[in-house]
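The exercises below are meant to be worked with the sequence and the model side by side. Please look at both before reading the solutions.

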Amino acid sequence: MRRTERLFQIIQVLRRHRAPVTGQVLAEELEVSLRTLYRDMAELIAQRVPIRGEAGTGYVLEDGYDMPPLMLTADELEAAVLGAQWVAARGDAALARGARDLIAKLTVAVPRELQPVIVDSGLTPVSFKERPKDSFDVALVRQSIRGQTKLALDYADETGNVTRRVVWPFLLAYWDDIRLIGAWCELRQDFRHFRTDRVRKAETLGRFPERVTTLRRKWEAQRRSAKS
């Protein structure tokens, strides 16, 4: 790995970790000596990259640092394209279109030598399961999560019985063959999961009082408690 690539990789590793990263961990991931790692860190700091070194703890990249978004390696680009292809095949219409647009933008934005990684990519997601069709626009769920608005669902259980649910959505989970809405259910006064293919009708209501991140933390805590 050339030094320039290694410097960018150090920044990427630090961005990936929220906690401080020791020099030893960085050196092992980059497959260099500690001496080389320390020289690289000194070079980054000299270039005014806001890296803070904490004695006995490790290195932290301070918030707010922005690096050029398209300085991608071939592995990073293939990961982005593969992920976008997966979303294009399984997302709702708007999300699938966004994924295809992303691939098109990457094709023209990356350096010429990396364009074959996209155009001639040998990676593709494959599924042999038939995905149930949704009877409403799932983009509505994503909009409700972003806008922190309630959803009123006409929801059918496994026997086909339909009930009216008012929910506070905080998560849209994608399986290979189904999608699940994670939400607080006003009827049950608890967290519930709703398959999108069982939603017969959906409409947005007013805002719900809890923050989406707060709901997600409470849901995760409940899951951990149930496992223990």
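Contact here means heavy atoms within 4.5 Å. This is a predicted model, in which local features need pLDDT of at least 70, side-chain atom pairs count only at pLDDT 80 or more, and totals for chains, interfaces and linings use all residues. Residues are numbered from 1 along each chain as its sequence is written, and side-chain values use heavy atoms, with hydrogens and water left out.

**Exercise 1.** Describe the overall build of the chain.

Solution. Begin with the elements: the chain has eight helices and seven strands, which are DSSP runs (helices H or I, at least four residues; strands E, at least two) numbered from the N terminus. Next, the radius of gyration, taken over C-alpha atoms, is 22 Å, well over the 17 Å that the globule rule (2.2 Å times the number of residues to the power 0.38) gives for 228 residues, so the chain is more spread out than a compact globule. Finally, among contacts between residues at least 6 apart in sequence, 58% join residues at least 24 apart.

**Exercise 2.** At what angle do helix 1 and helix 3 pack, and which residues make the contact?

Solution. Helix 1 (residues 3–16) and helix 3 (residues 34–46) pack at about 85 degrees, with axes, lines fitted to C-alpha atoms over the stretch in contact, 10 Å apart. Helix 1 is therefore roughly perpendicular (65 to 115 degrees) to helix 3. The contact is made by Arg3, Arg6, Leu7, Ile10, Ile11 and Leu14 of helix 1, together with Thr36, Leu37, Arg39, Asp40, Met41, Glu43 and Leu44 of helix 3.

How values were computed: Axes fitted to C-alpha atoms, helices over the stretch in contact; angles between N-to-C directions. Parallel < 35°, antiparallel > 145°, perpendicular 65-115°, else oblique.
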